[in-house]
Amino acid sequence: MEGFINLAYIVASILFIFGIKMLGSAATARRGNLISSLGMLLAVVVTLLNRQVITSYTLIAGGLALGALIGFVAAKRVQMTGMPELVALFNGFGGLASLLVGWAEFTRAQNLQWAEASFPNPSFTAFVIVLAILIGGITFTGSLVAYLKLSGKVSGKPTNFPGQNAFNAVLFLALLGMGIFLAMSYDNGAALTLFYTIMGIALLLGVLGVIPIGGGDMPVVISFLNSCSGLAAAAAGFVILNNVLIVAGCLVGASGLILTVIMCKAMNRTLGNVFFSGFGGASTKGGSKVEGEMKAITIEDAYYVLEAAKSVVVVPGYGMAVAQAQHAVKELGEILEDNGAEIRYAIHPVAGRMPGHMNVLLAEADVPYEQLCEMDAVNPLMQTVDVAIVIGANDVVNPAAAEDESSAIYGMPIINVHEAKTVFALKRGQGAGFSGLVNALFFRPNCRMLYGDAKATVSSLVTQFDD
Amino acid sequence: MEALILLLFIFVLAAFLGFELIAKVPSQLHTPLMSGSNAISGITIVGALLASGSTESGPFAQWLGFAALVLASINVVGGYLVTDRMLGMFKKKDQPK
């Protein structure tokens, strides 16, 4: 029986590999997701057949039913605009589950007094339990903080205190030291106390690690935490010596890390910089003084300009998600198209609060696939564009990133809307973006501001066309 | 000990495989890829099943396993469904208006 179970785990691992591979291409992505879910189903079913370990199905039935129900309802009811926080929350649950698996195994080991028959390598087991607790704990509380920030329940601004990085580094090293100590003295009377201390610090570290990161850096944080939840599962796999956990967890860990690096590159920053600089929020350091003034335009005047435009580029940002303006934006896009204009949506890799955030929202609103352009495809055409409409995006269109060497975001690739003939910037107020920087774009002579709620503004433009 | 080395071996190979698999992914797929792989990380459900079903570990460990099982099933079921919902929206665009 054990041989059969392990063979089935290999099949499940293969299904995961194909699933991830197919998720990487638009044509096969949905089937890929289905295939990987079949792998998961297979892994769960054959595990249930393991009568050597599983002696009672009461808790299992209850737990599976409860979890599946909650997951089902959450997935069906979530609004597309709430997607980043839901993914963060799911991710945190995965991390906490791995932590609990490690905790349960530690309890079992203590109950069995680390009996040789069940624990041939007690030091190794103790150490990987610590890893599962450590990574799982950081993933859990880190994702929870990310969830709170994304859903606006706490401020998205970074929270800093003096010596923060040093303090976190000391905590982390202390954790590793305690983990090694626990691995050597697992049967010591104080082992349980040490174990709980490690768990407490890991949970604390997750909070401390994410609070200094600003909302603008959330795409990086979310994909990094996603990678961590995979590694936590892999660590749990080492704890119970199970190969499917190791393979699947490690695949997620590695692919999540790649995505994280892609996000960092899109902001021209390193991972260390994102985690330890506390930028992406309040720092206003550097940057030359911006000259000129911000000029507002009325809806009516904006309508006349748009009416004459032959080529329009829409640059959406987090503001579009907040205002839930994607449907109105799509409506405006269709009207402009009927009016004879060519319309494109230019999407910056880190626009929004999670990787690919804008793509999801515009897809929800049924914006045609061909109209979505990546940054590199649209930038060379920018000089031929009559009107660029910036909807709630800020740092990703700040020309200071290209031109002002003293700017904090200098070197970050941007969408060059300032090269378009006219720029309309939809904005709620005169405040700065998430990076806290003043946007030089808004002071350009070719830029006009449309103040107000993005959805209301776009809707009234649509009404103008209708009249 | 040899069994451990073998597991480490698997771990390292899986890491390289993971890096190779998604070296180039179009940006519109970043969100589904992330939430899809997030669902896969719910594989820890296997550990949760074993922990909550094993009576030899004592009731406390079993209840820990139960909590892990609830959380992991939320992660798995919710993660796959949400990913499927998102990808379903992407698909619609291929059809003519």
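This is a predicted model: local features need pLDDT of at least 70, side-chain atom pairs count only at pLDDT 80 or more; totals for chains, interfaces and linings use all residues.
Local features are given at pLDDT of at least 70 and side-chain atom pairs at pLDDT 80 or more, while totals for chains, interfaces and linings use all residues. Residues are numbered from 1 along each chain as its sequence is written, chains are lettered from A in the order in which they are written, and side-chain values use heavy atoms, without hydrogens and water.

**View 1. The interface of chain B and chain A.**
Chain B and chain A bury about 8400 Å² between them, 75% of it on carbon and sulfur atoms; buried area is the accessible area (1.4 Å probe) that two parts lose on being put together, summed over both. The contact (heavy atoms within 4.5 Å) takes 84 residues from chain B and 108 residues from chain A. There are 17 residue pairs in polar contact between the chains, both residues at pLDDT 80 or more. A polar contact is a pair of N or O atoms within 3.5 Å; within protein, one must be able to donate a hydrogen and the other to accept it, and residues adjacent in sequence count only if both atoms are side-chain atoms. On chain B, the elements giving two or more residues to the side that touches chain A are α1 (2-21), α2 (30-40), α3 (45-53) and α4 (59-92). Of these, α4(B) gives the most, with 32 residues. Helices are DSSP runs (H or I, at least four residues), numbered from the N terminus.

**View 2. A salt bridge between E56(B) and R108(A).**
The closest N and O atoms of this pair are 2.2 Å apart. A salt bridge requires a side-chain nitrogen of Lys or Arg within 4 Å of a carboxyl oxygen of Asp or Glu. The rule finds two salt bridges across the interface of chain B and chain A.

**View 3. Helix α9(A) and S255(A).**
The 24 residues of α9(A) reach 35 Å from first C-alpha to last, close to the 34 Å expected at 1.5 Å a residue; the expected span is 1.5 Å times one less than the number of residues. In α9(A), 19 of the 24 residues are buried, that is, under 20% relative accessible area, with exposed over 50% and partly exposed in between (1.4 Å probe, protein chains only). N242(A) caps the N-terminal end, with a side-chain oxygen 3.0 Å from the backbone nitrogen of V244(A). After the helix comes N268(A), with a positive phi near 55°. S255(A) lies within α9(A), residues 243-266, and counts as buried because its relative accessible area is 3%. Leaving aside neighbours within four places in sequence, S255(A) is in contact with G18(B), I22(B) and S37(B).

**View 4. I43(B) in the largest nonpolar core.**
Of the 195 residues in this core, V417(A) and I43(B) touch the most other members. A nonpolar core is a set of buried Ala, Val, Leu, Ile, Met, Phe, Trp, Tyr and Cys residues joined through side-chain atoms within 4.5 Å. Contacts of I43(B) beyond four places in sequence include F16(A), M40(A), V244(A) and L245(A).

**View 5. A74(A) in helix α3(A).**
A74(A) is partly exposed, at 23% relative accessibility. Apart from residues up to four places away in sequence, A74(A) touches L86(A) and F90(A).
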